[in-house]
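User: I would like a close look at one part of this model, taken slowly and with the criteria stated.

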Amino acid sequence: MARDEEATGGRKPPSYGGEVNAFIVTTCIVAAFGGLIFGYDLGISGGVTSMDSFLMKFFPSVYRKEVADQNQNMYCKFDSHLLTLFTSSLYLSALVACMCASTITRKYGRKLSMLSGGLVFLAGAIINAAAVNVAMLIVGRLLLGVGVGFCNQSIPVYLSEIAPAKWRGAMNIGFQMMITIGILAANLVNYWTAKIESGNGWRISLGLAAVPALMITVGSLFLPDTPNSILERGDAAKAKQMLQKIRGTDDVDAEFEDLVRASAAAKKIDRPMRRLLTERRYRPQLVFCTLIPFFQQVTGINVVMFYAPVLFKTLGLGQSASLMSSLITGFFNVVATFVSIYVADRFGRRSLFLEGGIQMIICQVVVGGMIAGSFGTSGTGQLSTAAAVLVVVFVTGFVMAFAWSWGPMGWLVPTEICPLELRSAGQAMNAGVNMFFTFVIGQFFLSLLCNLKFGLFFLFAAFVVVMTGFIYFFLPETRNVPIEDMGEVFRRHWFWQKYAAVDDDDNNKGGSAPRRSVELK
Ligand code: BGC
């Protein structure tokens, strides 16, 4: 039996009309621009906080500690809560913004959320570039966070809805691709601005965030709303026209019929977030929308994204070598994301998750072991050049593994497993949990490093062991399953069937969309 049929219990997934066309590709690229602002933020703060001019101006005590005693404990060199608050504050406001964006996305459309996100982000970039004190820096970061929250909640929903089922994985990974391009752009900018003599390079780094903000703001004005969203707001004729336009064919009746049913069911549901949290039949969605983002963050990926330059500097590389090394990891992050675009819709989400997990464990254990070997528990010592190169190689191997597995799948899977009535709330939950743990890692990594030393890398590896097992046992394959038929996948799963089965009765009360063509054998 083909794998797609397996996923839907022997039933061939209905093939809707329509292929990928230029309109849909352009639309997805523009929407995915939102990933740039997130990526730019992720990548920019590490480089900026490793610039001496920035530290001297805003965090003089950290700067003094850094230069005072070169022989001090390496693990604790940069440990400062105020410094990490600069990086992490953004993700706290993003968390709150995700929750508000969920209602706007559902009631007023996905476009409006993207537009609002872009505008607020723009304001944050301007304030940051003009900052004269820590308060301005933090206010700017909070506004950037609101922008990121709005975009991260609405864009994955938008992309999953607009793409034909067959291409949903690839289109959705476009968002992750833009995140990685944003990170690389930030690494490049930092590499260049760190060399600016006046010491104001950090202003350029922070101010250039306005560029991706303008791209998503202007871009979102031209984006069409998704047929699902237009229907959700009650205009069936317009929704059908839009579906015909994005599929490039008039033959959309089957898909439209499913959309109408899903939308009618969704309309009967009020307070979707509460239902997601409390109703037993939504347990699989709740579990995946909370655990996937949690696990994604405890891989430790953002230790590399935020602090690669600081980490490499901690290990004894000079400023320029540190920024260069993070450029290398940034570059391979983008390259590896292409792999998952190719693989996700061909070989499935599970194979990516599992391979990526195993590769991450190996790399983390090697990096932890090398740091232990060179710095021990005292944190004094030196990495030889060969060892430093090896650390960079294994950190890159770790980043690549993440980039084709938990990175893109962490945004794709939670959106595609939610029925329409839950999609917005589910994505708010996914993005919110993601932002919360991004905050936790951003805020506490440097002090965790100071306390757990090399053991921190083994702790991350242990998390990856647990999450790889979790995927192996609990995640059903969702490749090629039309988004409206996802419930079927859970009804067939050895573990989730007992929750999803509740669905059948409730369907008629307007719970989930009754299915046009699903017949259980
Ligand atoms: C994650 C980010 C991470 C990035 C790295 C995203 O999927 O959500 O936290 O920094 O991937 O490329």
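With which residue does Glu-232 form a salt bridge, and how far apart are the closest N and O atoms?

Analyst: This is a predicted model, in which local features need pLDDT of at least 70 and side-chain atom pairs count only at pLDDT 80 or more, while totals for chains, interfaces and linings use all residues. Residues are numbered from 1 along each chain as its sequence is written, and side-chain values use heavy atoms, with hydrogens and water left out. Glu-232 forms its salt bridge with Arg-110, the closest N and O atoms being 3.0 Å apart; a salt bridge here is a side-chain nitrogen of Lys or Arg within 4 Å of a carboxyl oxygen of Asp or Glu. Because Glu-232 lies in helix α11 (residues 227-232) and Arg-110 in helix α6 (residues 110-129), the pair ties together parts that are 122 residues apart in sequence; helices are DSSP runs of H or I with at least four residues, numbered from the N terminus. Glu-232 counts as buried at 14% relative accessibility, and Arg-110 is buried with a relative accessible area of 1%, where buried means under 20% relative accessible area, exposed over 50% and partly exposed in between (1.4 Å probe, protein chains only).

Another salt bridge joins Arg-349 to Asp-345, with the closest N and O atoms 2.9 Å apart; Arg-349 is buried at 1% relative accessibility, and Asp-345 is buried at 12%. Returning to the pair in question, salt bridges that share partners join Arg-110 and Glu-232 with Glu-161 and Arg-423 into one network.

Terms used. Helix = DSSP H or I, 4+ residues; strand = E, 2+ residues; numbered from the N terminus.
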